[in-house]
Amino acid sequence: MDKKVAIVILNWNGEKMLKEYLPSVIQYSRDEATVYVADNASADGSLALLRQHFPEVKLIVLDKNWGFAEGYNKALQQIEAEYYLLLNSDIEVTHHWLTPMIEYLDSHPDVAACQPKLLSVFDRDHFEYAGASGGFLDRYGYPFCRGRIFETVEADNGQYDYQSDCLWATGAALMIRSKDYWSVDGLDGRFFAHNEEIDLCWRLRIRGRRVVCLPESYVYHVGGGTLPKSNPMKTFLNFRNNLTMLYKCLPEEDLKPVMRWRWLLDYLAAWEMLILKRNVGDFKAVYRARRAFKRWKKDFADDRRRIQAGRVAKTIPEQRSFSLLWQYYVKGRKLFSTLPE
């Protein structure tokens, strides 16, 4: 019989990462979880590696590269477990990393999802960019974390070693109740990749479900394992998906004012990329993202109506009312602890 926790690693041409980090997942998880690898039609030696060296891992072979969001949906449809743990292939886990998360979900039925503290493989006393110690949003949809604001990543000196509600948990290591996952139809497969875990968690928060970071559990993350930070495709997906998420999830009274500001802020960001960074690819990507959002916005009208109809809380405290850009660049507040409540 499978265990109550299913650790699911979505892989695409990640043979090197699997070889390096899968052994730690098996070593420190086998007593509490069943480990799966869902393969997004890799063209490298991933499948041969798994079959030859990791026979204890359950393998799900998908027919094409469905991306992060729909790849997980396709894989999780084939798995029965009380808790899913979505785990990147470039994560090094630690002894007893699962126990705090399992025990917390077991004892807090109002919590839908949680994450461990995310530290960097390369600088092990620093947080890792992708999720640090729990994620938040500002008024205009810019994500930030306890331990990371924009490109400023803090050293981990224990300053966030307390449990905290957050708006979103990182998709690099996300434990979520299967019933909550499917209650909101899982990750939005149309996103392909980027912002999909924020969108998922925000939809759950709108329904009154909680998301928590549990720093007594910690893992180490390589980060940027599939796309480098400066990459036009990543820029395109981030801007398009973030706008789409705002359209779906913002309450009615906030939608128009926020979207007007984002129109201005997005084009300012594009020109900053071009003039100051001389990055033509990212400049074009922002314009393409704005056009793509405008084209497909109508496809999400039903989603928006359904999400708003299920709203329990009018305001969500983990979506802060300030502008992160203003706090960071004008006020010089570059640490989470210095931001307004």
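A disulfide here is a pair of cysteine sulfur atoms within 2.5 Å. Keep that cut-off in mind. This is a predicted model. A search of the whole structure finds zero disulfides.

Take C145. The nearest cysteine sulfur belongs to C166, and it sits 8.8 Å away. With a cut-off of 2.5 Å, C145 is therefore in no disulfide. Is C145 buried or exposed? Buried, with a relative accessible area of 0%.

Now C213. Its nearest cysteine sulfur is again that of C166, at 6.0 Å. C213 is in no disulfide either. Its relative accessibility is 0%, so C213 counts as buried.

On to the core. The largest nonpolar core has 84 residues. Which of them touch the most other members? V8, Y72, I79, I176 and W202. Helix 7, residues 232-249, gives the most to this core, with eight residues.

Leave out residues up to four places away in sequence, and V8 touches Y36, A38, Y72, A75, L76, I79, L85, L86 and L87. Two names on that list, Y72 and I79, are also among the residues that touch the most other core members.

There is a second, separate core. It holds 34 residues, including L22, V25, A33 and V37.

Next, backbone angles. Two residues deserve a look.

A132 has a phi near 45°, a positive value in a residue other than glycine. Where does A132 sit? In the loop between strand 6 (111-120) and strand 7 (135-137). A132 is buried, with a relative accessible area of 0%.

F150 is the other one. Its phi is positive, about 50°, although F150 is not a glycine. F150 also lies in a loop, the one between strand 9 (148-149) and strand 10 (152-153). Its relative accessibility is 14%, and buried means under 20%, so F150 counts as buried.

Last, the surface. W261, W263, L264 and L268 make a nonpolar patch of about 440 Å². L264 is found in helix 8, residues 252-275.

To recap. Zero disulfides. A nonpolar core of 84 residues, and a second, separate one of 34. Positive phi at A132 and at F150. And a nonpolar surface patch that includes L264.

Methods
Residues are numbered from 1 along each chain as its sequence is written. This is a predicted model: local features need pLDDT of at least 70, side-chain atom pairs count only at pLDDT 80 or more; totals for chains, interfaces and linings use all residues. Side-chain values use heavy atoms; hydrogens and water are left out. Patches are made of residues with over 30% relative accessible area and no salt bridge: like charges are joined within 9 Å, nonpolar side chains (Val, Leu, Ile, Met, Phe, Trp, Tyr) within 5 Å. Accessible areas come from the Shrake-Rupley method with a 1.4 Å probe; for residues, only the protein chains shown count as cover. A salt bridge is a side-chain nitrogen of Lys or Arg within 4 Å of a carboxyl oxygen of Asp or Glu. Helices (H or I, at least four residues) and strands (E, at least two) are DSSP runs, numbered from the N terminus. Buried means under 20% relative accessible area, exposed over 50%, partly exposed in between (1.4 Å probe, protein chains only). A nonpolar core is a set of buried Ala, Val, Leu, Ile, Met, Phe, Trp, Tyr and Cys residues joined through side-chain atoms within 4.5 Å. Contact means heavy atoms within 4.5 Å.
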